[in-house]
Amino acid sequence: MISFTSFLLPENGFPALIFLLGISLIHQGCQEKKFAHPIAANEDVAQYMENFEGRGDLTDPNSAPTDPAEAMRAFQLPEDLELELVLSEPDIVQPIHMSFDHRGRLWVVQYHQYPYPEGLKITSIDNHTRVSFDKQPEAPPEGAKGADKISVFEDSNGDGTYDKSFDAISGLNIATAVALGRSKIWVMNPPYLLAFPDPNGDGLPDADPEVHLEGFGLQDTHAVANSLHWGPDGWLYGVQGSTTSSRIESKNSEPVDFKGQAIWRYHPEKQEFELFAEGGGNNPFYLEFDRKGRIFSGSNGYGRGPYYKQGAYYVKSWGKHGALTNPFAFGHLPNMPLAGENKRFTHAVMMYEAALLPPKYQNNMMALNPLHNYIQLTELQENGSSFSNKDIGFLVETADKWFRPVDIKTGPDGAVYIADWYDSRLSHVDPRDTWHKSSGRIYRIKPFGHAINMASFDFSKANFTELATWLQHPNKWFRQQALRQFADRKDKNALPELLPLFNSEDPQDALEALWAIHLSNGFTGDFVRQALQHPDPHVQMWTIRLLGDQKLIPDDVFPTFLQLATKHCSPEVISQFASTIKRIPTKQALPALEALLLLKLDPNDPDIPLLIWWAMESQIANDLSLVLEWWDNSANWQNPIIKSHLAGRMVQRLVMGNHYEAAADFLANSPNESFDQVLVNGFYEGMVGRDLSTVPPRLLEEIAAKEKETTPFQLELKSGDFDHLPDALQLVRDENQSLKHRLNLISLFGEVKAPATVPVLLDLIKSGNSPSALKQAAIHSLKHFNQAEIGKEMAAIYPGIRGDSYVREEAIRLFSSRPEWANAFFHEITETKVIHKEDVPYQLIKNFYAMEPGDIKRKAAQIWPESKPLDAAQINESIKHWKEVVSRDNGNAVAGKQLFVSKCGSCHRLGEGGGDIGPDLSGYDRTNLDYWLLHTINPNADIREGYETMKLTLKDGRIVVGKLVKDEGGIKYLVPPMGGKGEFISDADIRDIQLNQTSIMPERLFEGLQEDQVRDLLAYILKP
């Protein structure tokens, strides 16, 4: 017998070594994964992408693009308007962004490289098509050359036809927008903001670009940074979409980290970057300044998005898009409310502010809806400091499903220009590149029978008199171009032309002049004081904003600034005051805030109360002592907004910042009993998920003194004092005690995790005298204890509580929170058969599939095989089968409505009735059978924002699955998606966070239906 060591000795010769080497190579070859994919970095990604067939949203392989001339005949417009085809393939393909330059030339960004950057490989991908790449692409001209390009089209004789063109920049790699200014061509090419030098303004770069910003996220190229636009203040503005995360580095700013939606801006001379506003619907991909300098963007939701205020925070889908940058925001502003049909709008909004179209279109919003192939006309109505929206009709509509409007601009001629992506596909869900790479159109809306004729011009050659005249042009585009020239030149010699315009009686002329004077270095001293006292509220508002951008209001101006704050102002001016207070030093901010709160502010205004809170909160980190001195003045407590929005949040902010002594002082300053419970509630909000044992006794004494209905022993137990734990346990057992106090203590037992409470909680669950709410709370508290015996005890108790559905489901959530508890539950199902597997609804079965280790998933699949996730082949086969079934005969929509109510209506709305657990289906395209088959058979293909769930694995091994409702101050609040008790969880307790790749909607909806029932259901859904 040859030992292993002797086998390697030289006397055994080379053949043995060769044999071992061969074995090693064979083994290595067997282990080596074989895959070939152009953009996948590993086999898992390759298989995911290759097996996606059947899940591609809106790709229609059976349709083809309609010839442009033929497609034009399908458009419907109001009788007083007509549509012209301006450009089409092959001149443009996949246009994503348009703009007009100082000579009236049309610049078009052609997004050929979408969806993936050239030269990168995907290392991971999720079901939101959010990816990670193997590296960061290099900035041009280095690195791989992409297929994106920026083309320029010129109407050389002004007859409305673009007869000349050239490619300004080619080889870009995910380029989404372009803007000209400061003798540069600015290109948004994530992760970079590039500036190509163009000193002569001919549109052709004279050298390689300079990187001005770096770090924009690339995880989802339908949500990357986009829509460059010069603001009237001289900053370059842009938007970031939903599913990207960025860390922006610039020369003179600290790095800025943010996740998801935001309006951002960059100052080219100062080389400073900042977030202007954060959040804003689902996926903003557009930027619009109206004539007053307000900012709007499409939101990929059911409304028209927000009116963005400076420094404000707007709604996000926290689970998918991440928390706000400010953990102490304690709220967010809403999108503008809409009166109109509840259909999803995925894209751009534009204010038409020119004189070419008839008056009924002027100063209204034109909103693109590529999902439903039309353009909506919407009017804005004042709503306090913001607006509400009312739809007033269609501007353009067509039956051509390839019509995908993605950009809309007013041209120099006053016509409305529309960029059409033109594709049967719109959604990004399918990770495969099945986009139609050879189509794209640009149209122009103009008055019916009106010929486009435009004299040539060149803003770059205009003198100050001409530019000042253009500031009075009825077309906002001319005014914006003139402002860009003032910003480029920064010449005080322009002031003699601008000051008379500022003093004119026309408020719009005065506002345009204000912007130009600021850009021409004339925003100083006497002029600023005069502007603050201007009768027009928008001039006041912008003067306040420009002062705030200086970060310090000059001493000679501050008294006038303060005086304006004490006067009756318009709601928009008040909201800007609050935004500006957030940006200035504490010694100026607090007097201004005090002056503002002397006004009769509306606590129900959609924006003002939270804007004022953010103004106050911003100063706590700057100078807490001065802030506390401000609150010492009892007069500052009188405004109704103090009680409704500031006082409670102030306590919450102090305790979350560990300013316990300051919180105690603050509580002591409560002016009367009407504030006491507000302050106490703020304390408890701030302490959620935190250890009360670190709280000083003085603060606890203040809370105890002000809390009107204190649960006995609550504060002692929270602070770690267990001397009265036996008394608390006795109180909980006592059926004659207040149910509220018993519930409070039971919840507290889960927080403090005292082992002595476990037997009492189990006894309460067993007892037939315990109310359902008490049993449910006791089960929820038990989840916090890491004891294997709890699972066995609960499994034994379970048959006695299964009759109450709420208690039963809470118990099942407990079993699915720890592997050993799950095994105890499974034992009673499969071995003793005391528990019925039918007790577990689909959404709770899925919690077991979310668990580790893998044997839990395997056992779940054995017990509930009908719940096992479908694989790609099964999905494809099912879609094919049901498509064939539907094609055989027509369904009965009336019968289908009844099926929808019984099968889908508890979660979804479609028309009048239904639930809100899942998305409202009313606004989706109800003509596309493939779309509905896909999302019914495979609801995991695209989980809408706001409906995803998360799996948190805690450091003690427990698993929590739920929808993330709140994420602030290091505390997450999750609730079960189908009902149940929510839970606050500290970030410090979390080991791992995963966004669930599966929907709460069951996959096998059709399997329990007859073929004629499926036809009926789809007949109802597909009947608009």
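Axes here are lines fitted to C-alpha atoms, for helices over the stretch in contact, with angles running from 0 to 180 degrees between N-to-C directions. I also note that helices (H or I, at least four residues) and strands (E, at least two) are DSSP runs numbered from the N terminus.

I'm working on a predicted model, where local features need pLDDT of at least 70 and side-chain atom pairs count only at pLDDT 80 or more, while totals for chains, interfaces and linings use all residues. Residues are numbered from 1 along each chain as its sequence is written, and side-chain values use heavy atoms, with hydrogens and water left out.

Entry: a helix pair. I looked up helix α22 (residues 725-733) and helix α24 (residues 757-766), whose axes come within 11 Å and cross at roughly 0°. That makes α22 roughly parallel to α24 (angles under 35 degrees count as roughly parallel, over 145 as roughly antiparallel, 65 to 115 as roughly perpendicular and the rest as oblique). From α22, Leu 725, Leu 729, Val 732 and Arg 733 make the contact, and from α24, Thr 757, Val 760 and Leu 764; contact means heavy atoms within 4.5 Å. I sorted these residues into five nonpolar, one polar and one charged (Ala, Val, Leu, Ile, Met, Phe, Trp, Tyr, Cys and Pro are nonpolar, Asp, Glu, Lys and Arg charged, and the others, Gly among them, polar).

Entry: cores. A nonpolar core is a set of buried Ala, Val, Leu, Ile, Met, Phe, Trp, Tyr and Cys residues joined through side-chain atoms within 4.5 Å. Buried means under 20% relative accessible area, exposed over 50%, and partly exposed in between (1.4 Å probe, protein chains only). The largest core has 218 residues, and Met 366 and Phe 683 have the most contacts inside it. Skipping neighbours within four places in sequence, I find Met 366 in contact with residues including Tyr 352, Leu 377, Ile 408 and Val 416. Apart from that core lies another of 55 residues, and Leu 729 is one of them.

Entry: the open sheet. Four strands form it in the order β1-β28-β27-β26, with antiparallel pairing (two strands pair if DSSP finds at least two bridges between them). β1 (81-88) and β26 (405-410) are the edges, each pairing on one side only. Neighbouring strands are turned by 25° against each other on average, direction ignored. Five bridges link β26 to β27 (residues 416-420), and Pro 405 has Asp 420 as its bridge partner.

Entry: Which residues does Gln 481 touch beyond its neighbours within four places in sequence? I get Phe 100, Asp 101, His 102 and Phe 459. Gln 481 is in helix α7 (residues 476-489) and counts as buried because its relative accessibility is 9%. Thr 129, in the loop between β4 (122-125) and β5 (131-133), also counts as buried, at 9% relative accessibility. Leaving aside neighbours within four places in sequence, Thr 129 has contacts with residues including Tyr 116, Gln 219 and His 428.
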